[in-house]
Amino acid sequence: MSSKGPKVSKSKNSGGDKGLRNLVVGMLIFVLVVSAALVITKKKSITAASTPSSVTSADGWGIVFNKTAKPQIDIWEDFQCPVCQRFEAVNSDYINGIIRAGKAKVVFHPMSFIGNESLAAANAAACANDQGKFLEMHTLLYQNQSATENSGKITTDFLTQIGKVAGITNTSYDECVVKGKYVMWTKNIEGDASGKNINSTPTVFVNGKELDRKTQYMDAAAFKKALADAGVK
Amino acid sequence: MNLIRKWSSWATFLARLILGGTLLAAGYLKIGNSYNAQTSVRVYKLLPVGAANFLGLTLPWVEVALGLFLIVGIWVRKVAVGSGVLMAIFVFAIGQAWARKLPINCGCFGNGGVTADGKVHALTYLTEIMRDIGLVLISYYLYRFPHGKLGLDKAPVIEKAQGE
């Protein structure tokens, strides 16, 4: 490095200041390195997390329908994402029909990158899954999506309310929502998605291959054709 | 001459606060949400997934370190060079994302520069690029004039040129 500024030389008498300076430098580096090491090494999937029924690490911790059917459809989504809401409006009748008829294995990966209300919604969807009402909850969460993200709409009260609308009568659902039973599980979903290069929601894979976002997501006919080509009768 | 020198040392202090504060805030926010931090590196599609995720985990700490060093005023010149290079890399990354029509900014996807219907919003990329170019310029200023007010770096003795 050559300086074009005024010619400078290091000060000779820098006794006391140098001690303070080295101390600050040393402490800063120490604290940063230790905290970085702690945070980075902690980033493995959390095996102690409670997982909803039907969930395994092999399927990326997603909520699975028709475990043995083929082909496999994977959907990454965030309940607060407006584009996911549109995707749901366009394709959910068809997808739910496939699930009920057992024509494909469908895996839902509810993500929570938009914030805490996504996390709460994903947790509630998993709670509803334990009661056999995931698909109902899925639809209701999108139908009641807030126009702005993390607006304060998705509270435990709101989630237990729409749980009732979904037809859940069991109080263990309410408890699951209030306690945030599956919050750690949502972290595993995020971690798995990171490894699979999922950069946006919705993202749809059919047999491990991503559909074309520009042409096959928001066009019901094109979406149907893509699935038919993959073997959905 | 003395007046200029006086103002310049305050300008250096201000430059350190702006650049350091931006780095510190950027890094701190990402440390709080490491999955989003990883995504924000992956969206530029410059690195293999594993490398991008690793960088997403480590880069925020580097930013925090650079930011703290600038604010406190340690090794200002070296840290300014590092920050400038980092910002220049960001400018390149955003520029190539713009050219390839890749959505950036994972606030909500399909919104960071490219909407779901494929429309490209130049302003999103442009404001990010302008901001980072501004930070590159501030880094360069700190490289030229690293010694200012309220820093822990020992100010140098300035040898006056003959006849000044």
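These are my notes on two chains of a predicted model.

**Ground rules.** I count residues from 1 along each chain as its sequence is written, with chains lettered from A and ligands numbered from 1 in the order in which they are written. The model is predicted, so local features need pLDDT of at least 70 and side-chain atom pairs count only at pLDDT 80 or more, while totals for chains, interfaces and linings use all residues.

**Confidence, chain A.** I looked up pLDDT, the predictor's confidence in each residue, from 0 to 100. Chain A has a mean of 86, and 90% of its residues reach 70 or more. Residues 1-5 of chain A fall below 50, and this stretch has three contacts beyond near neighbours in sequence. Residues 7-15 of chain A are also below 50, with twelve such contacts. I call two residues in contact if their C-beta atoms, placed from the backbone, lie within 7 Å.

**Helix pair, chain A.** Helices here are DSSP runs of H or I, at least four residues, and strands are runs of E, at least two, numbered from the N terminus. How do H2(A) and H8(A) cross? I found the axes of H2 (residues 82-101) and H8 (residues 220-229) within 10 Å, crossing at roughly 40°. Axes are lines fitted to C-alpha atoms over the stretch in contact, and angles run from 0 to 180 degrees between N-to-C directions. From H2(A), A:Val90, A:Asn91 and A:Tyr94 meet A:Ala220, A:Phe223 and A:Lys224 of H8(A).

**Chain B.** I see five helices and one strand, in the order α-α-α-α-α-β along the sequence. Of the contacts in chain B with a separation of 6 or more, 68% join residues 24 or more positions apart.
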